[in-house]
Amino acid sequence: MHRILLTALCSLVLTSTAFAEVNTAHPLGFPTAIGPVAEEITLTYNLIFWICLAVFAVVQILILYAIFKFRRSKNPVPATFSHNNLVEVAWTAVPVLICAVIAWVSFDAMKLIRTMPEDGETIEAIAYQFGWEFDYPDYNISSPEAEKAHVQLSSAGVDRYVKDIVVPVDTNIVMHITGRDVIHAFYAPDLGVKIDAIPGRINYAWFKATKEGDYIGQCAELCGAAHGEMFFNVKVVSKPAYKAWVNAQRAENGDTPVDFSNMPSATMAMSK
Ligand SMILES: [Cu+2]
């Protein structure tokens with residue numbers, strides 16, 4: 001018993017110091033949701049969490065009540081009944097109802113997450129051992145190689161070069177995700193995206209970042225020795241900054257600048 005308590009205490013101390021050291025960790029709940037997909041996931045999670053908590057509280061109260069009310073000292077003769085129709089119907093109907101609500105909310109969220117928007121930007125993510133390639137097929141450009149470690153990661157003790165996926169704010173981004181060698185996973189927690197990158201098939205995911213900033217992502221499928229270093233950064237910039245970035249990248253490749261005012265709506269909804 002002592003040993004169990006000691007182990008529990010040690011792990012508690014260790015986890016709390018770990019949280020204190022790595023300020024990117026979120027000890028209570030999910031990271032702040034950025035955009036509709038992440039918000040929907042967080043809402044669904046929180047709803048289920050509060051239902052679980054309510055069920056836990058009701059069951060514990062009933063147990064304590066029964067222990068007290070039906071204690072042997074006050075009830076020397078055991079009760080003789082074995083059924084109670086009302087209680088049995090209630091403990092069947094209430095869980096069925098709870099499950100129905102959870103199913104409804106979950107499928108609703110799934111519909112939003114799995115339905116790719118028709119407008120917006122398309123970006124291809126190709127995972128490999130051990131890094132990422134991000135291509136913009138509509139502009140014939142790729143994310144350039146990173147030249148320095150990302151500040152959010154280096155502050156957490158990870159000295160690793162990280163590629164940026166540059167995306168415009170308030171725009172639907174449709175990701176086409178695949179792998180080159182083994183199975184990886186594209187995971188950007190703040191944006192609510194997590195999907196496997198599988199060689200030989202393309203998986204789809206979308207997000208819409210509603211706030212400019214840097215959002216660290218990483219591979220979330222054990223893929224080999226340096227799996228833990230497969231970070232990337234989703235860099236959300238203003239629409240004008242994004243357009244300038246696209247054209248600067250194209251200029252480096254020797255391509256003509258894109259005239260964004262003439263883009264077909266299926267490719268680019270940014271002028272709206
Ligand atoms: Cu990996």
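What follows is a set of questions and answers about this structure.

Tutor: This is a predicted model, so local features need pLDDT of at least 70 and side-chain atom pairs count only at pLDDT 80 or more, while totals for chains, interfaces and linings use all residues. Residues are numbered from 1 along each chain as its sequence is written, and side-chain values use heavy atoms, with hydrogens and water left out.

Student: Okay, how many helices and strands does the protein chain have?

Tutor: Helices (H or I, at least four residues) and strands (E, at least two) are DSSP runs, numbered from the N terminus. With that in hand, the secondary structure of the protein chain comes to five helices and ten strands.

Student: And what share of the protein chain counts as buried?

Tutor: Buried means under 20% relative accessible area, exposed means over 50%, and partly exposed is in between, using a 1.4 Å probe and protein chains only. The chain has 272 residues, and the buried share is 31%.

Student: Which residues hold the copper ion as its protein donors?

Tutor: Donors are N, O and S atoms within 2.8 Å of the metal (3.2 Å for Na, K and Ca), and water is not among the atoms, so sites may look incomplete. The donors follow the spacing C-x1-E-x1-C-x3-H along the chain. They lie 1.9 to 2.6 Å from the copper ion, and they are Cys219 (SG), Glu221 (O), Cys223 (SG) and His227 (ND1).

Student: What do we call the arrangement of those four donor atoms?

Tutor: Four donors count as tetrahedral if all angles lie between 85 and 135 degrees; four count as square planar and six as octahedral if opposite donors are over 155 degrees apart and all others between 65 and 115; anything else is irregular. Around the copper ion the angles run from 84 to 130°, so the arrangement is irregular.

Student: Which strands do the buried residues of helix 5 pack against?

Tutor: Helix 5 covers residues 239–252, and its buried residues are Tyr242, Trp245, Val246, Gln249 and Arg250. They cover an arc of only 130° around the axis (taken from the directions from the helix axis to the C-beta atoms), so they sit on the same side of helix 5. The face turned away from that buried side carries the exposed residues Pro240, Ala251 and Glu252. The packing partners are strand 1 (121–128), strand 2 (131–136), strand 3 (141–142), strand 4 (163–168) and strand 10 (231–237).

Student: Helix 2 next: how far apart are its end C-alpha atoms?

Tutor: The expected span of a helix is 1.5 Å times one less than its number of residues. Helix 2 (residues 36–69) has 34 residues and should span 50 Å; that agrees with its end C-alpha atoms, which are 49 Å apart.

Student: How many aromatic pairs are there, and which residues form the cluster linked by ring pairs?

Tutor: Rings of Phe, Tyr and Trp (its six-membered ring) pair if their centres lie within 6.5 Å; planes under 30 degrees apart count as stacked, over 60 as edge-to-face and the rest as tilted. A search of the whole structure finds eleven aromatic pairs. One of them is edge-to-face: Trp132 and Phe186, 5.7 Å centre to centre with 85° between the planes. Ring pairs link up a cluster of Trp132, Phe134, Phe186 and Phe232.

Student: How many residues apart in sequence are the parts that the Trp132 and Phe186 pair ties together?

Tutor: Both Trp132 and Phe186 are buried. Trp132 lies in strand 2 and Phe186 in strand 6 (residues 184–188), so the pair ties together parts whose separation in sequence is 54 residues.

Student: Which residues does Asn253 touch, leaving aside its neighbours within four places in sequence?

Tutor: Asn253 lies in the segment after helix 5. Contact means heavy atoms within 4.5 Å. By that rule, Asn253 is in contact with Asn140 and Ile141.

Student: Last one: what is the phi of Asn140?

Tutor: Most residues other than glycine have a negative phi. Asn140 lies in the loop between strand 2 and strand 3. Although Asn140 is not a glycine, its phi is positive, at about 60°.
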